[in-house]
Amino acid sequence: MIVVAGEALIDLVPHGPGALADLKPALGGGPYNTAVALGRLGSPTAFCSRTSYDAFGEALLDGLRRAGVEVSGVQRGPEPTTLAVATVGSGGSASYSFYVDGTADRLFTTPAALPAGTRAVSFGTCSLVLEPGASAYEELMRAAAAQGLFTALDPNIRAGLIPDADAYRARFRGWLPSVTLLKLSEEDAEWLGGTPREWLDAGPSAVVLTRGGNGLTVLTRDGAEYSVPGEKVEVVDTIGAGDTVNAALLHGLAAQDALSARGLAALGPDGWQRLLRFAARAAAITCSRAGAEPPFVDDLGEL
């Protein structure tokens with residue numbers, strides 16, 4: 001079982017140009033997209049979050065169920081669902097503004113236990129920023145690492161939600177001893193400061209950098225570095241592409257029985273390049289579709 005911990009929200013995606021374009025609601029949130037992508041790939045997956053009892057909250061849970069994701073551990077509340085208004089640039093890249101005050105997901109509390117059979121837990125995005133839930137997710141991350149579970153982190157920076165950038169950067173560095181796999185975009189890496197080698201020295205066994213259309217690079221604790229090019233595709237938008245990479249990496253590592261620090265160290269150049277190419281293919285399919293629509297396993301073929 002792979003557990004994905006973090007927010008589920010509604011993306012309001014513009015259909016047409018201009019600030020007053022019609023907005024279409026879509027299921028979203030970085031961790032939510034990762035969980036759906038894992039479910040579509042066939043990995044046993046559970047979602048760990050808190051959602052509203054409102055219609056959006058019900059739709060989010062239905063989307064997880066359709067993807068085969070276990071939702072019995074999702075906490076519920078009467079507060080409204082978080083909204084994210086997307087703006088899509090000319091190249092398909094997306095930026096967001098958020099409506100988060102008093103919403104259900106930020107009131108997440110640390111669960112007493114993870115589902116039986118949990119092998120890995122994935123964290124990231126807004127859930128690690130918005131209090132009081134952020135501290136609860138942080139507590140869960142440290143507890144999972146202390147239990148010897150594989151932990152994955154995608155900070156997926158949303159700078160507009162971070163009131164004190166330096167404090168968040170310090171908090172990020174404090175998470176690294178509890179992280180097995182760190183995945184982030186080049187833009188996030190630049191915002192956070194530091195280097196992948198410095199982050200590796202702090203704890204993770206591997207750091208995966210996404211470079212947009214230029215592909216992916218992994219740097220490992222033993223000093224290795226491997227890269228693959230991006231898959232050529234006509235980009236509709238990039239919504240959910242990084243989340244799809246998260247899912248593809250976790251799915252591929254599980255398929256290779258490499259959800260551990262020792263497993264990562266044993267992958268070698270062939271294993272890493274095969275995994276990165278798989279993730280690049282998955283992200284390209286998502287980019288070719290409007291909104292966060294990650295591929296199913298039949299869309300990708302073999303790892």
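Select Tyr-168 first: its relative accessible area is 6%, so Tyr-168 is buried (buried means under 20% relative accessible area, exposed over 50%, partly exposed in between, with a 1.4 Å probe and protein chains only). This is a predicted model, in which local features need pLDDT of at least 70 and side-chain atom pairs count only at pLDDT 80 or more, while totals for chains, interfaces and linings use all residues. Residues are numbered from 1 along each chain as its sequence is written, and side-chain values use heavy atoms, leaving out hydrogens and water.

Trp-191 is partly exposed, at 22% relative accessible area. Tyr-168 and Trp-191 form an edge-to-face aromatic pair, 6.0 Å centre to centre with 65° between the planes. (Rings of Phe, Tyr and Trp, the last by its six-membered ring, pair if their centres lie within 6.5 Å; planes under 30 degrees apart count as stacked, over 60 as edge-to-face and the rest as tilted.) Tyr-168 sits in helix α4 (residues 165-175) and Trp-191 in helix α5 (residues 186-192), so the pair ties together parts 23 residues apart in sequence. (Helices, H or I of at least four residues, and strands, E of at least two, are DSSP runs numbered from the N terminus.)

Tyr-168, Trp-175 and Trp-191 form one aromatic cluster.

Then show Arg-169. Arg-169 lies over the face of Trp-191, 4.2 Å from the ring centre (a charge sits over a ring if NZ of Lys or CZ of Arg is within 6 Å of the ring centre and within 35 degrees of the ring normal).

Last stop. The structure holds 5 aromatic pairs. One of them is Tyr-32 with Phe-47: centres 6.0 Å apart, planes at 90°, so edge-to-face. Tyr-32 is buried at 2% relative accessibility. Phe-47 is buried at 3%.
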